[in-house]
Amino acid sequence: MADLSANFLGIKSPNPYWLASAPPTDKKYNVLRAFEAGWGGVVWKTLGSQIKNVSSRYSSVDYNGSRMMGFNNIELISDRPLAINLREIAECVRLFPDRAMVVSLMADNSREKWHELIAQVEDTGAHGLELNFGCPHGMNERGMGAAVGQDPEIARMVVEWVMEKATIPVITKLTPNVHSVVPSGRASVEGGTNGLSLINTIQSITGVDLDTLVPNPYVAGQSVFGGYCGPAIKPIALKMLTTISQDPITSRVPVSGIGGISTWKDAAEFLLLGATTVQVCTAVMKHGFRIIEDLCEGLNNWMDEKGFKTLNDFIGKSVPTITHWEDLDINYHIVAKINPDKCIHCGLCYIACEDTSHQSINLLYGKPYNTYSVIEEECVGCNLCKLVCPVDDCITMVEQRKGEEYVNWKEFQRRGLPLNDH
Amino acid sequence: MALVNNRLTAEQYGENFSDIHPPFETRDAALVEANRCLFCYDAPCIKSCPTSIDIPKFIRQITTDNPKGSAHTILSANILGGGCSKVCPVEKLCEGSCVYNLMDEPPIPIAKLQRFSTEKAIAEKWPLFQRKPSTTKRVAVVGAGPAGLSCAHVLSREGIDVTVYEKESKGGGLMTYGIAAYKVTPQFCEDEVDFITSLGGIVINYNAELGKTVSLADLQQNYDAVYLGVGVGLARQLDIPGENLNGVEDAIRFIYDIRTNGYSSVPVGDKVAVIGLGMTAIDAATQAKRLGASEVTIVYRRTQAEMPCTETELNLAKLDGCRIMWLAAPQEIIGENGQVTQLICSLMQLGEPDASGRRSPVETGETMTLEVDMVIKAAGQMPFEELVSENHLENRKGKITINDACTTNLRGVFAGGDCVNGGKEVVDAVQAGKDGAKAILEFLK
């Protein structure tokens with residue numbers, strides 16, 4: 001049995017799975033249900049000035065029969081009275097002292113307001129604070145949320161205000177609605193933040209209702225840009241996380257990874273790219289808190305198989321393998337191989353390669369089943385056929401190096417080696 | 001013991017003849033299956049459909065919320081795509097070649113999805129096709145069965161004015177008159193015919209029979225071309241003693257009566273023997289059982305390896321409680337007072353393969369006697385040999401001979417479907433109609 005416990009700046013949780021600051025964490029009832037189900041921690045839904053929400057609030061993107069591949073929301077920060085939230089946070093901490101309780105904050109834009117809010121939250125016994133510099137809708141029009149996170153200097157200033165007052169660890173949550181998360185990440189670290197979390201949601205329109213012609217989600221004939229999340233954004237989140245893990249300044253602090261995490265595999269990937277804990281939201285909004293069981297069991301089994309005893313054994317382990325394109329080995333070459341015993345003759349590899357790639361698959365007509373084979377000398381080893389093939393391990397990529405030695409693009413140019421002639 | 005009608009209650013008939021392949025209840029249910037489709041390239045299912053419906057495309061159009069496009073994809077390749085979704089032996093056609101079979105997974109339920117797309121189009125009368133402006137060319141089509149209707153629809157779309165001559169009072173041919181009622185209802189057949197003719201440019205003259213009310217010579221005279229899709233006739237004679245006894249029925253007639261007169265009015269025996277093991281034999285046997293016969297025995301002179309029906313159909317008969325007697329050929333029907341009482345069968349064994357590659361049965365010399373009060377003949381159907389010969393149409397044992405361009409020996413006279421091939425599936429006849437129309441359009445140029 002691997003040890004799944006996480007330690008984030010001294011905030012301990014029995015597993016690395018926290019619920020992200022969002023509707024599932026906006027009151028005691030939900031949070032207690034989550035803790036009972038086994039969640040390692042929560043980031044309480046953002047507290048700040050009083051707001052009012054609208055109806056409806058969510059919309060989603062379905063894909064090939066699967067619901068909520070992507071999800072967006074236009075809900076604001078907590079719309080409940082601050083006093084009730086503070087009281088309930090304290091109760092949850094008392095009832096589940098072994099779970100992480102981090103509280104998300106978004107105060108009005110003044111040092112005093114931030115200090116006042118921090119003092120009130122620390123009184124609850126919460127273990128950490130998360131600064132919401134990322135909310136992409138509703139709050140930024142008031143100069144809060146993403147409006148802070150998108151400007152590194154404002155982010156630095158607010159972090160400095162917070163650090164003057166805070167006595168518990170402070171995590172700054174970054175917005176992805178920027179060209180790069182690194183500048184505001186650096187500013188936050190330089191401003192003194194103890195940790196980072198990312199990504200917040202991505203500004204989006206999930207679609208337009210083709211009857212009403214109004215985009216989703218619909219609010220009385222209108223809509224607004226919403227924050228996009230769910231499985232669709234995981235690749236973007238992983239990339240942004242990696243840039244934070246690679247940067248010499250931002251990599252000084254631990255990161256809580258967020259963005260489309262639905263399975264233990266997703267979580268393992270976030271940890272491999274540098275996250276110390278992960279935060280989940282859309283997956284529980286789709287399935288409920290019960291998914292925590294497989295999130296833990298799957299991660300545990302994988303760690304056992306890989307011989308990882310603790311999370312620290314593999315956190316960040318994949319970061320060094322992400323390099324610059326010009327450092328890739330040009331002599332590395334693979335070609336596709338179709339296993340005729342596994343092939344079901346669907347032709348998907350053929351049409352993908354024929355129409356959109358390198359015409360490297362041969363079609364031998366048959367009725368009703370064609371036979372497909374790879375023309376090795378034409379294959380560039382792009383993976384496309386393998387990716388579209390519906391049968392596991394039917395198409396494999398076989399290594400056929402162009403040369404023994406490692407040669408990257410810089411060296412290739414230096415030596416004046418030949419380019420493609422077709 | 002005798003042939004008796006009205007053996008069951010209305011509820012029992014209703015249950016026994018209800019839809020054997022119920023449709024998807026909801027769009028969501030259809031989507032679960034539609035989304036499984038891999039959208040194969042040069043798909044095996046298309047190649048296994050005699051009408052080459054672009055199956056991956058119509059299924060994808062279900063998933064993209066394009067129901068009209070989906071119906072159009074099906075019906076432009078097979079205007080009887082609705083009926084075919086109910087009666088095709090898909091297990092040996094599209095679904096039988098679905099690549100999922102090679103993964104040992106259930107194939108995509110193509111027929112059910114096809115029904116999902118076409119039933120709505122027919123029920124809601126979607127105007128999916130438009131005629132080209134009239135060319136003033138006129139074509140006579142004989143027979144409003146699958147071949148004739150398919151031919152007529154293609155021709156009309158191209159601006160040809162088509163008159164169809166049909167000997168029955170309804171269109172659809174064997175679809176309407178010759179298929180088990182639990183597969184396709186007479187009402188659906190009527191709706192399908194109406195859907196086809198709603199295109200315009202197609203007039204059907206009912207109760208007009210070639211050789212009786214209309215002559216081929218007149219049609220040749222009055223039209224620019226003639227298409228013969230007259231199908232095949234009654235069941236093949238057994239040519240054994242006792243064939244004329246009361247209680248010996250023709251399967252086609254039996255099925256025709258069920259579909260025309262209603263379940264309760266069709267007499268059926270208590271112990272029934274069905275001769276043959278094609279699709280029609282199965283339809284006759286299962287329906288005899290469903291009408292209330294207590295014992296139904298299918299008598300087939302070869303073995304399961306040679307049977308013409310599909311395994312799915314055989315299982316249908318078995319599940320209905322029909323017994324199969326393999327390697328038994330009818331030798332004599334015995335009667336009392338003019339009424340069938342026994343069927344004597346020769347027991348057979350398999351000999352050398354015949355011309356069709358099937359091993360021929362040969363007698364062992366032993367016999368077996370079945371106590372029966374009804375014998376249904378379903379050992380293939382007879383072409384209209386007399387009609388064909390009278391009209392000087394070249395033929396082989398009544399099956400009209402055509403060349404590659406669907407043309408008979410008579411100029412301007414084309415033919416296709418069962419009257420040419422001796423009896424195949426509905427979907428084969430639809431394709432024959434398309435081929436005939438193409439040849440006629442070429443001829444009229």
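These notebook entries follow my walk through a predicted model with chains A and B.

**Entry 1: ground rules**

I note that this model is predicted, that local features need pLDDT of at least 70, that side-chain atom pairs count only at pLDDT 80 or more, and that totals for chains, interfaces and linings use all residues. Residues are numbered from 1 along each chain as its sequence is written, while chains are lettered from A and ligands numbered from 1 in the order in which they are written.

**Entry 2: where the chains touch**

I began with the contact between the chains, to which chain B gives 15 residues and chain A gives 15 residues. Two residues are in contact if their C-beta atoms, placed from the backbone, lie within 7 Å. On the side of chain B, helix 2 (27–34) and helix 3 (44–47) are the elements that give two or more residues. I use DSSP runs for these elements: helices are H or I with at least four residues, strands are E with at least two, and both are numbered from the N terminus. That side of chain B holds nine nonpolar, four polar and two charged residues. For these classes, Ala, Val, Leu, Ile, Met, Phe, Trp, Tyr, Cys and Pro count as nonpolar, Asp, Glu, Lys and Arg as charged, and the others, Gly among them, as polar.

**Entry 3: the domains**

Next I looked up the domains, whose bounds come from an automatic or database domain assignment. Chain B has domain 1 (22–123), domain 2 (138–233 + 382–444) and domain 3 (248–377). The C-alpha centres of domain 1 and domain 2 of chain B are 26 Å apart. Between these two, 14 residues of domain 1 are in contact with 20 residues of domain 2. Helix 6 (residues 81–87) of chain B gives the largest share of the domain 1 side, five residues. By class, I find nine nonpolar, four polar and one charged residues on that side of domain 1.

Chain A is assigned domain 1 (6–321) and domain 2 (327–414). Their C-alpha centres lie 40 Å apart.

**Entry 4: helix 4 of chain B**

Which residues of helix 4 (residues 55–63) of chain B are buried? I listed B:Ile55, B:Pro56, B:Phe58, B:Ile59, B:Gln61 and B:Ile62. A residue is buried if 20 or more other C-beta atoms lie within 10 Å of its own, exposed if 12 or fewer, and partly exposed in between, with C-beta atoms placed from the backbone. The cover over these buried residues includes helix 2, helix 3, helix 5 (67–77), helix 7 (94–97) and helix 8 (110–123) of chain B. After helix 4 comes B:Asp65, with a positive phi near 65 degrees.

**Entry 5: strand 7 of chain B**

Strand 7 (residues 295–299) of chain B is largely enclosed by the rest of the structure, because four of its five residues are buried. Strand 6 (residues 271–275) runs parallel to strand 7, joined by five bridges; strands pair if DSSP finds at least two bridges between them. Here B:Val272 stands opposite B:Val296. From strand 6 the chain passes through helix 14 (residues 279–290) to strand 7 in a right-handed β-α-β crossover. Right-handed is the word if, with the strands pointing away from the viewer, the path from the first strand over the helix to the second runs clockwise.

Strand 8 (residues 323–325) of chain B is also parallel to strand 7, with three bridges. B:Val299 faces B:Met325 in this pairing. Strand 7, helix 15 (residues 311–319) and strand 8 of chain B form a right-handed β-α-β unit.

**Entry 6: a sheet in chain A**

I then found an open antiparallel sheet of four strands in chain A, in the order 5-6-12-11. Strand 5 and strand 11 each have a single partner strand, so one side of each is left without a neighbour in the sheet. Three bridges join the antiparallel strands 11 and 12, and A:Gln203 has A:Gly227 as its bridge partner.

Most residues other than glycine have a negative phi, and most peptide bonds are trans. I noted some exceptions. A cis peptide bond joins A:Ser55 and A:Ser56, with omega about 0 degrees. A:Ser56 sits in the loop between strand 4 (41–48) and strand 5 (58–63) of chain A. Another cis bond joins A:Asn216 and A:Pro217, with omega about -10 degrees.

Is B:Lys125 buried or exposed? B:Lys125 is exposed, with 11 other C-beta atoms within 10 Å, and its phi is positive, about 55 degrees.
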